Amino acid sequence: MSVKKKFDKYLHQKYDDRAKTASKALLKAKGYDVVDNPNPYAEDLITQKGSDAPFFVEVEIKDLWKGSEFPFQTVQLPERKKKFAVNKTVFMIWNSETTHCACFSSDAIWGVALKEVPNKKGPEGERFFQIPLSKIKFRKL
């Protein structure tokens with residue numbers, strides 16, 4: 001039976017600021033204005049370039065990804081983050097060193113199969129979108 005991972009304050013404190021800082025640096029280098037989202041239950045960042053419409057950014061760090069090469073066949077996005085797909089959202093998933101990230105639009109999850117995956121943070125299994133690497137843009141900070 002699939003479960004939804006509970007909020008972990010320790011992991012949030014360990015990774016959230018680092019992921020936001022790296023994401024802001026990359027986005028600002030590309031000419032975007034970036035601010036923290038004042039809603040703590042929504043996407044992490046709000047960004048905009050010039051007069052373009054603003055969009056949201058959800059960030060995380062994948063601790064098992066070390067170095068520049070992405071070591072997995074798909075990018076896994078927890079099903080619980082599907083709620084962010086109703087907005088124009090970009091997901092930025094960083095390696096453990098926050099030097100490289102996998103970026104994709106919320107549109108990338110539509111039509112992608114869900115798979116129940118046990119992992120070290122949820123050994124009983126959690127459902128993930130298995131996003132093909134063909135839908136991912138890899139960026140270096």
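Trp110 is in contact, meaning heavy atoms within 4.5 Å, with Lys82, Ala85 and Lys135, once its neighbours within four places in sequence are left aside. This tryptophan is found in the loop between β6 and β7 (114–119), where strands, like helices, are DSSP runs numbered from the N terminus (E, at least two residues, for strands; H or I, at least four residues, for helices). At 44% relative accessibility, Trp110 counts as partly exposed, a class that lies between buried, under 20% relative accessible area, and exposed, over 50% (1.4 Å probe, protein chains only). The C-alpha atoms of Trp110 and Phe129 are separated by 9.2 Å, although the two residues stand 19 residues apart along the chain.

The model is predicted, so that local features need pLDDT of at least 70 and side-chain atom pairs count only at pLDDT 80 or more, whereas totals for chains, interfaces and linings use all residues. Residues are numbered from 1 along each chain as its sequence is written, and side-chain values use heavy atoms, with hydrogens and water left out.

An open sheet is formed by 6 strands in the order β1-β2-β3-β5-β6-β9, with mixed pairing; two strands are taken to pair if DSSP finds at least two bridges between them. Because β1 (33–36) and β9 (137–140) stand at the edges with a single partner strand each, one side of each is left without a neighbour in the sheet. Neighbouring strands of this sheet are turned by 30° against each other on average, direction ignored, where the axes are lines fitted to C-alpha atoms (for helices over the stretch in contact) and angles run from 0 to 180 degrees between N-to-C directions.

The pairing of β5 with β6, by contrast, is antiparallel and runs over 5 bridges, with Cys101 in β6 as the bridge partner of Trp94. The hairpin of these two strands has 5 residues between them, and Thr98 takes a positive phi near 50° there. Also in the loop between β5 and β6 (100–105) is Ser96, which is buried with a relative accessible area of 12%; not counting residues up to four places away in sequence, Ser96 touches Arg18, Ile61, Lys62, Asp63, Trp65 and Lys66. On its other pairing, β6 runs antiparallel to β9 and is joined to that strand by 4 bridges, and Cys103 stands opposite Lys137 in β9.

Strand β6 is mostly covered, since 5 of its 6 residues are buried. What is the largest nonpolar core, and which residues have the most contacts inside it? A nonpolar core is a set of buried Ala, Val, Leu, Ile, Met, Phe, Trp, Tyr and Cys residues joined through side-chain atoms within 4.5 Å; the largest has 16 residues, and those with the most contacts inside it are Val75, Leu77, Phe104, Ile109, Phe129, Ile131 and Ile136. At least two residues of this core are supplied by each of β4, β5, β6 and β8 (122–132). Phe104 touches Val75, Leu77, Thr89, Val90, Phe91, Ile93, Ile131, Lys135 and Ile136, not counting residues up to four places away in sequence. Apart from this core lies another, of 14 residues, among them Ala19, Val34, Ile61 and Cys101.

Trp65 is buried with a relative accessible area of 0%, and Phe70 is buried with 13%. The rings of Phe70 and Phe138 have their centres 5.4 Å apart and their planes at 45°, so the pair is tilted. This pair links distant parts of the chain, with Phe70 in the loop between β3 and β4 (74–78) and Phe138 in strand β9, 68 residues apart. Phe138 is partly exposed, with a relative accessible area of 37%, and Trp65, Phe70, Phe72 and Phe138 form one aromatic cluster.

Key: Rings of Phe, Tyr and Trp (its six-membered ring) pair if their centres lie within 6.5 Å; planes under 30 degrees apart count as stacked, over 60 as edge-to-face and the rest as tilted.
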